[in-house]
Amino acid sequence: MEKSKHIKIMFAGILLFFLAGYVAAAPPRVVKTVPQNGDRSVDPGLRKIRIEFDQDMSQQDYSICGGGPDYPKNIGKPRWINRRTIVMRVKLQPNHEYKLSVNCPSYRSFRNVQGEPAVIYPIEFKTGSVKEKVVKSPRLLLRQGLYAEETEGNLDKAIEIYERIIDEASHYRRVAAKATFQLGMCYLKKGEKNQAADYFQQVVSNYSPQKLLVKKAGEQLKKIKPETTKSLFEQIDGQVIKFIGDKYGQTAAEAEAKHLYCNSHIYYVDSNFVLCRGGLSYYYNSTGRTISGKVRLSGTSYPNQTLYDTSGHKLNTEIVPDKTRLNHWQIYWIPKEPLAPEEALYYGWSVDSTRKLPQMPGEAYSLRMQNQFGSPVIETFFLVLPKELKISQSNPPTGSEKLLNFDVYWWTKTVQQGENHVEGVQIEKAQAPVASESAEGLKLNPAQWVDGEMLRFNLNTMTGMKIGEIIYTAETARSEKENSWRIESYMNVSVSKMQQYTTVDAGLDDFAPIYGRTKNQLGDFTAEYKPDKVKLTVTAGEKETTREIKLDSAVYDNEQVLYLIRRMPLRQDYTARFSIFPVQSGAVSECKIAVTGKEKLTVSAGTFDCYALELAVYVGQVKALEHHLWISTDRHQYPVKYDSGQAIMELAEIGLKTATAKNIELGEYGISLQLPAGWFHTENPTMGVYRFSVQLISPQIKSWLVLTGGERVSAFDSARTAADMDIQVLKGFFKNYTVRQESWTDLTVDSMPAVSFQADYEDKAAQMVEYRTYILGKSMVYWFVLRIDKDKFEEEKAEFDAIVNSFRLNRKAIRAKKLDADDLNSKGWQLWNQRKLAEAEKVFQEAVTKDPSLANAWNGLGWSQLNQGKKLNAKASFEKCVELEPTHAAALNGLGWLAKGQGKTEEAISHWQKAVEATPNATAALNGLTTTYMELNQYDKAVKYYKMWLKAEPDNADVRAGLKKARAKLKRR
């Protein structure tokens with residue numbers, strides 16, 4: 001169920017980025033490939049690469065990654081032969097190395113039915129020499145398959161034979177139909193009913209002339225049809241349903257007060273780990289008239305569901321496909337009795353199917369609860385478990401309750417528009433509760449860091465892609481008339497435009513928290529700590545709330561945990577237990593930490609001998625999180641690496657925080673800036689046309705400021721032109737984006753023309769100002785963007801202007817990079833002429849990285865890619881070359897041949913004509929024009945371009961012969 005209107009009805013913690021996150025469903029993994037990864041003697045006659053996963057997959061798309069000479073030549077598109085297996089028809093060469101992978105960091109379209117991307121899996125193999133192929137008739141193969149299946153009982157062998165028949169002998173329809181049917185029987189014998197049903201359905205759908213087989217397949221499909229599934233509401237006690245309904249009603253009232261939608265889902269997992277899904281909803285008649293005919297209740301992602309009224313009677317409904325949205329349906333209700341204005345229909349819904357949860361390594365099973373409502377909504381996921389089961393890992397639930405023989409958990413969240421709400425849970429058999437360890441006696445060493453220490457970390461995805469940075473500082477401060485340690489952090493996750501600032505003041509000796517603050521997109525959270533309570537103040541938008549939370553024992557602020565661990569007397573087999581207070585959730589959690597061994601790690605900051613630790617966070621008896629971290633064994637006990645299971649934090653730099661303004665050098669880009677005291681910078685991953693992006697972080701994140709650079713294109717004849725182009729985009733991106741016309745200012749920055757302007761816009765009802773400055777360089781455009789609350793703009797403007805005016809280019813370094821790029825370009829063409837295409841591509845890529853304005857290097861990159869068959873990459877490179885140099889004949893020629901290969905004849909001719917207009921002796925383009933016009937029987941135009949070609953190459957006999965032939969054809973007309 002996706003949507004329900006908000007109305008009051010009566011129906012019968014966020015932790016630190018690396019101490020947060022949900023446990024996703026077990027991602028799909030490759031369990032078998034043919035050929036196997038690492039095989040060094042693959043038969044070059046193999047015509048099919050087979051990939052099999054450990055769970056049912058979404059068959060909408062796939063990502064088989066690779067390219068160049070090491071990638072197998074495809075024959076047609078890969079196809080799914082069942083819900084877990086895809087095959088890729090190929091033509092292999094003997095004695096050849098091949099490399100490909102299932103998914104890769106940039107492309108992850110192999111996903112399971114829950115949407116989880118498959119774990120990246122490489123497939124590398126080498127073919128042997130050509131073997132004499134023994135050709136077997138399809139009927140002989142069928143007999144061998146039947147023998148393997150029925151006599152030997154070797155189902156896997158039989159499956160391979162039947163698939164070979166379908167692959168190689170599909171034109172023998174009777175034999176192929178029999179092989180398809182037997183595949184279904186094999187999977188049925190293996191207990192894999194879904195795969196079996198797929199093959200039986202193929203027999204029914206694709207081989208209708210084979211009437212006997214079609215009849216047998218139909219009979220098997222009837223047998224496989226699942227037993228009638230009990231409704232969710234038949235399996236859960238009525239008292240539990242009433243409790244959930246009351247909770248849902250309370251949430252609906254809250255949603256109404258906030259003018260939001262309200263939505264709920266119920267997940268019930270039985271003692272065999274079988275899942276049944278459903279939910280509660282209602283329809284409110286706001287039409288002002290009595291409804292007696294068919295009415296739309298809701299949209300849904302579940303077409304196979306049954307709806308009930310509050311008395312448990314089935315509703316008269318129709319569920320039909322949505323004509324505008326793929327994999328979406330509309331639910332219509334035909335009321336038995338009229339529904340008066342202002343009345344509501346309250347109902348429950350239950351999906352008419354069940355599935356067993358996927359098992360994780362060990363004893364736990366994984367459940368992924370998710371929904372994308374579309375509009376802003378307060379949404380609750382309810383999870384009901386029988387007493388035999390327990391949650392072993394999850395995000396902290398909003399609440400839980402024991403009712404009869406059931407445990408009810410719920411997660412309530414305000415979900416933003418378009419957000420995919422996901423909660424991951426691990427479930428296992430319940431065990432007797434383990435007695436809590438005492439938190440008394442946590443002994444700490446003196447601080448292991450120097451006063452003013454600064455640590456910089458890279459934030460990476462699990463596949464190694466950088467998504468941001470986090471900076472920690474530790475310094476002494478004065479807090480409530482006593483000296484204390486102040487631990488601050490600045491996090492910038494550029495891919496999601498997320499920034500967070502945290503600070504904790506803690507005692508010098510006992511490290512007990514005195515004050516804590518976390519500021520991010522969710523709000524501003526402050527905590528004042530006393531021995532027996534915490535005063536928590538939350539500011540979100542214009543609303544401020546304050547409450548006190550009583551403490552039963554000592555706690556540490558969540559944002560000081562990393563430094564708390566640094567003060568622990570770590571050693572082999574060390575364990576400790578302590579309580580933390582995350583200010584964003586306002587709920588105390590228990591942590592257990594254990595040293596599991598020692599490891600040597602190499603990160604950007606160097607190589608370190610480390611203690612390996614496990615950190616588990618508990619909410620009651622539920623283990624909500626389990627993370628891994630590595631702390632150096634030296635006296636500083638640096639945090640070297642932190643693995644949250646969702647992302648990885650690695651130490652990149654160790655330094656000192658400066659108390660004065662500082663110059664920063666962005667050496668790779670030849671840029672320097674002066675940042676005021678207390679400012680930091682992080683480099684963002686770049687995308688699209690951007691050459692670089694540097695986040696400039698103000699103290700306590702008072703503003704959002706970025707410096708970005710991109711290549712200067714021919715359309716940018718002034719800094720104002722570049723700004724005007726961006727404004728058109730910004731107006732469609734920000735609400736009520738309005739430029740202050742009087743704010744336009746022409747200026748000069750480091751001898752380069754520049755322009756600045758200010759604009760007003762709205763962000764979630766907040767009044768904001770954007771202040772931009774564009775600097776026009778010879779080959780680059782640089783721009784600063786400041787975004788800040790409107791009422792704070794004027795007080796921060798002068799500091800921002802000072803940063804902009806400190807911008808300097810190291811032109812000597814830039815010229816050196818251009819010379820390096822020229823040398824690489826020359827080397828690339830040498831390799832290209834030697835037909836070392838892969839090496840040439842790599843060198844050209846390095847050249848354009850050093851100097852993106854070097855058009856001929858883009859041209860070389862395009863030709864090295866095109867000659868390897870990488871047509872899409874080549875097209876992009878040629879287009880970049882032409883963007884920089886619109887009359888580049890060689891790149892235009894390349895675009896022409898690419899268009900010709902796609903059947904786009906007019907586009908090809910246009911590219912070639914531009915090439916010869918710019919360079920009349922562009923013989924490759926002339927070749928394209930003469931060849932194409934001869935094919936089109938436009939001999940007059942062919943003659944014209946043959947003449948131009950002959951003028952460029954007067955001794956070319958082939959051109960003379962072509963001209964003679966074109967003239968003869970023209971005369972016959």
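Q: What makes strand 10 and strand 15 a pair, and is their sense parallel or antiparallel?
A: Two strands pair if DSSP finds at least two bridges between them, and strand 10 and strand 15 (residues 344-351) are joined by seven bridges in the antiparallel sense, so they pair under that definition. Within this pairing, Gly 278 has Ser 350 as its bridge partner in strand 15. The model is a predicted one, in which local features need pLDDT of at least 70 and side-chain atom pairs count only at pLDDT 80 or more, while totals for chains, interfaces and linings use all residues. Residues are numbered from 1 along each chain as its sequence is written, and side-chain values use heavy atoms, with hydrogens and water left out.

Q: How many bridges join strand 10 to strand 16, and what is the bridge partner of Leu 275 in strand 16?
A: Strand 10 and strand 16 (residues 355-356) are joined by two bridges and run antiparallel, which means that they pair, as at least two are required. Leu 275 has Arg 355 as its bridge partner in strand 16.

Q: What makes strand 9 a partner of strand 10, and how many residues lie between them in the hairpin?
A: Strand 9 (residues 261-269) and strand 10 run antiparallel and are joined by four bridges, with Val 269 and Leu 275 as bridge partners. Four residues lie between the two strands of the hairpin, and Phe 273 in the turn has a positive phi of about 65 degrees.

Q: What makes strand 10 mostly covered?
A: A residue is buried under 20% relative accessible area, exposed over 50%, and partly exposed in between (1.4 Å probe, protein chains only). In strand 10 (residues 274-284), 10 of the 11 residues are buried.

Q: Why is Ser 756 called buried?
A: The relative accessible area of Ser 756 is 4%, so this residue is buried. Ser 756 lies in strand 45 (residues 752-763), where strands are DSSP runs of E with at least two residues, helices being runs of H or I with at least four, both numbered from the N terminus. With contact taken as heavy atoms within 4.5 Å, and leaving out residues up to four places away in sequence, Ser 756 touches Ser 743, Trp 744, Thr 745, Leu 747, Tyr 771, Arg 772 and Thr 773.

Q: How do you know whether His 627 is buried or exposed?
A: The relative accessible area of His 627 is 2%, and therefore His 627 is buried. His 627 has its place in strand 35 (residues 622-632).

Q: What makes strand 11 and strand 13 edge strands?
A: An open sheet of three antiparallel strands has the order 11-14-13. Strand 11 (295-300) and strand 13 (317-321) each have a single partner strand, so one side of each is left without a neighbour in the sheet. The twist from one strand to the next averages 25 degrees, with angles taken from 0 to 180 degrees between N-to-C directions of axes that are lines fitted to C-alpha atoms, for helices over the stretch in contact. Five bridges pair strand 11 with strand 14 (residues 329-333) in the antiparallel sense, and Val 295 stands opposite Trp 333.

Q: How do you know that the length of helix 10 is close to what is expected?
A: The expected span of a helix is 1.5 Å times one less than its number of residues. Helix 10 (residues 793-805), with 13 residues, reaches 18 Å from its first C-alpha to its last, close to the 18 Å expected. Its buried residues are Phe 793, Glu 796, Phe 800, Asp 801, Ile 803 and Val 804.

Q: What makes a set of residues a nonpolar core, and which members of the largest one touch the most others?
A: Such a core is a set of buried Ala, Val, Leu, Ile, Met, Phe, Trp, Tyr and Cys residues joined through side-chain atoms within 4.5 Å. In the largest nonpolar core, of 49 residues, Phe 878, Val 916, Leu 929 and Tyr 946 touch the most other members. Helix 18 (residues 939-952) gives the most to this core, with seven residues. A second, separate core has 48 residues, including Phe 457 and Tyr 556.

Q: What is the mean pLDDT of the protein, and over which of its residues from 1 on is the pLDDT below 50?
A: On this scale of the predictor's confidence in each residue, from 0 to 100, the mean is 83, and 90% of the residues reach 70 or more. Over residues 1-25 the pLDDT is below 50, although this stretch has 122 contacts in the model beyond near neighbours in sequence. Where pLDDT is low, the predicted coordinates should not be read in detail.
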